[in-house]
Each structure stands twice: as C-alpha cells, then as structure tokens.
Amino acid sequence: GVLRARGFPVAARAASAPRSPRERLSGRLRRRVVPAYRAPPATAEGSDGTLLYFGYGANIAKSALRQRGVSPSASAVARAPGYELVFAHRGGYATIDPDPSSTGEGCWGVVHRISRTELAVIRKWETGYETKELEVEVARDSLRDVGETSDASELKRLSEETPSRVRALAFVSKPSARLRTAVVPFDAYAKKIARGAKEVGLPEKTVAALEALADSAVSRAKRGPEHFDVPSFPERLAWKVKETLGERVRDEHD
C-alpha cells in the first residue's frame, strides 16, 4: 500500500521477521544518510489543501503580500532554473521566460504556502497573467517560522524535511498581454522589487542588479508606447497556428 506523510507518498513497510540489533543499527544509519525526499512532489498542491506559490518581482516579500490580504503560512527563498526575469508584460511589469542560455542561474524569488482562497485573491490583481506550474529549488537555510518568535528545533525540522525541489505555481504573461520586446520598468515598481529582494535576502548579485535597474528606470508617467506594444489578435492567432504546425512536424519526425 501507500501511506502519506506531510503530503508526500512513501512506501509502506511490509511485515517481516524481527531484525537483529546489527540489522536495526544498519537501518538507522541508512535512514540518516539517505535524504527523506529525492524527487519533487507531483503537483503544487499539498495534502492539506494549501498551495505552493512562486512569487517573483513585486510579490517576493511577505510584507507586500500581507498589504494585499495574503498571509503565507510559510515562505522560503527559491530559484526557478531555466527561467529569467524579464519586464515584458503590458505596462512594463515583470514576467518570467524560459532562459535560452545554459549558463543562466535562473530566476530568484520566494515560494509561499498559501490557501486556494488566497490564490484567487492574487489572481484578481494579476491582470493579464495565467498560472503555470514549474519546478523550483528551495534554499533550505531560508525557511522562516510563521510566528513572531522562532523555534530553533522546529525550523531545523522544516529544513531537514522540506524537499530541495518542489512544484509551485507562478503567474506568467498571457500572449494577449505580452510585449513585443522587453522594456525598462518604471521607477516606483522597480524600487519595490529591489526592496523586496533585499528584505527576503536574495543573492547580493541579484539585489545589486535590481537596484541598478531601479536607478535607470523611467517614471510611470513617462512610459513610452513600447510599454504597451502588444501583438494584435490576428498576429497571436498566426503565431499559434505556426506553433501548432511546428509541433505536428516534430511529432511526425519522432
């Protein structure tokens, strides 16, 4: 059979004959050496009905989410390998794209555990975005207790039992809200992102790059037409047809 521990499947132990003291000691040593979880959970949803949400851009810090009615029960710095942060959403806002560069370190952000109701709240303000499930790497030493005081033993347990890779939901731009080319964000938005990155403890290199971006950003009132230049519906339809035909050709050759 299959049992479930904190939302992750583990094989049930079959009944067997009593083991010798040496066998029991060997088993204990193996359990200490082998990680509790080797693969990411199959989905972003936990057994308790909560969800893992990967926040990037302005949705990194808990404080920013709480101001908008979302209070994560747990948060941890994380990285989405194979993705990069780009400002290519209508208005000059952020989204994430697959990173064609094999040398990229991925997109840094924070994984938040939230309820389905809170996900619906986020969805309301993320105009022009759709959810995408992806695999992210959690920085275990960044786990935060949800209370005002920290319980060292509880944080240690969370760090040891949390998978280093998890599935999480992220919001990405819909084709209808996707700019033709990436732009420089406006200053108030860029500064909010930089403050959040510093608050949660993202890598210094990432924080420095975001702060430099904020210094070179334009004011919201001075955004140009490039900040709103999204493809027309006929163009998006033509791209979709081309993409579908390309997939069929690849399938025929496989």
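These are my notebook entries on a predicted model of a protein.

**Entry 1: overall counts**

I started with the whole chain. The protein has seven helices and nine strands. I then looked up burial: of its 254 residues, 35% count as buried. The accessible surface comes to about 15600 Å². Carbon and sulfur atoms hold 53% of that surface. I also checked how far contacts reach along the sequence. Taking contacts between residues at least 6 apart, I found that 81% join residues at least 24 apart.

**Entry 2: the nonpolar core**

Which residues touch the most other members of the largest nonpolar core? I noted Phe 54, Ile 96 and Val 136, in a core of 44 residues. Strand β9, residues 165-173, gives the most to this core, with six residues. As background, nonpolar side chains in soluble globular proteins tend to be buried together.

**Entry 3: strand β7**

Next I looked at β7, residues 107-114. Six of its eight residues are buried, so the strand is largely enclosed by the rest of the structure. I then looked up its partners. Strand β3, residues 51-55, pairs with β7 in the antiparallel sense over five bridges. Strand β4, residues 74-80, also pairs with β7 in the antiparallel sense, over seven bridges. I picked out a bridge involving Ser 75, and its partner in β7 is His 112. I also noted Gly 55, which stands opposite Val 110 in β7.

**Entry 4: His 227**

Is His 227 buried or exposed? I find it buried, because its relative accessible area is 3%, and the cut-off for buried is under 20%. His 227 is found in a loop, between α6 (204-215) and α7 (233-253).

**Entry 5: salt bridges**

How many salt bridges does a search of the whole structure find? I recorded six.

I began with Arg 178 and Asp 97, whose side chains meet at 2.6 Å, N to O. Arg 178 lies in the loop between β9 and α5 (187-200), and Asp 97 lies in strand β6 (residues 93-98), so the pair ties together parts that are 81 residues apart in sequence. Arg 178 is partly exposed at 26% relative accessibility. Asp 97 is buried at 15%.

I then took Glu 135 and Arg 165. Their closest N and O atoms are 2.4 Å apart. This pair links distant parts of the chain, with Glu 135 in strand β8 and Arg 165 in strand β9, 30 residues apart. I checked accessibility on both sides. Glu 135 is partly exposed at 26%, and Arg 165 is partly exposed at 33%.

Asp 229 and Arg 180 came next. I read 2.9 Å between their closest N and O atoms. Asp 229 lies in the loop between α6 and α7 and Arg 180 in the loop between β9 and α5, so this pair ties together parts 49 residues apart in sequence. Asp 229 has a relative accessible area of 33% and is partly exposed. Arg 180, at 40%, also counts as partly exposed.

Salt bridges join Arg 79, Glu 135, Glu 137 and Arg 165 into one network.

**Entry 6: the surface**

I finished on the outside. Phe 233, Leu 237, Val 241 and Leu 245 form a nonpolar patch on the surface. Together they have about 390 Å² of accessible area. I placed Phe 233 in helix α7. Why does Phe 233 count as exposed? Its relative accessibility is 54%, and exposed means over 50%.

I also looked up Thr 127, which lies in the loop between α3 (116-125) and β8 (129-138). Thr 127 is exposed, with a relative accessible area of 60%. I noted one distance here. The C-alpha atoms of Thr 127 and Phe 171 are separated by 10.0 Å, and the two residues are 44 apart along the chain.

Definitions and conventions:
Residues are numbered from 1 along each chain as its sequence is written. This is a predicted model: local features need pLDDT of at least 70, side-chain atom pairs count only at pLDDT 80 or more; totals for chains, interfaces and linings use all residues. Side-chain values use heavy atoms; hydrogens and water are left out. Helices (H or I, at least four residues) and strands (E, at least two) are DSSP runs, numbered from the N terminus. Buried means under 20% relative accessible area, exposed over 50%, partly exposed in between (1.4 Å probe, protein chains only). Contact means heavy atoms within 4.5 Å. Accessible areas come from the Shrake-Rupley method with a 1.4 Å probe; for residues, only the protein chains shown count as cover. A nonpolar core is a set of buried Ala, Val, Leu, Ile, Met, Phe, Trp, Tyr and Cys residues joined through side-chain atoms within 4.5 Å. Two strands pair if DSSP finds at least two bridges between them. Patches are made of residues with over 30% relative accessible area and no salt bridge: like charges are joined within 9 Å, nonpolar side chains (Val, Leu, Ile, Met, Phe, Trp, Tyr) within 5 Å. A salt bridge is a side-chain nitrogen of Lys or Arg within 4 Å of a carboxyl oxygen of Asp or Glu.
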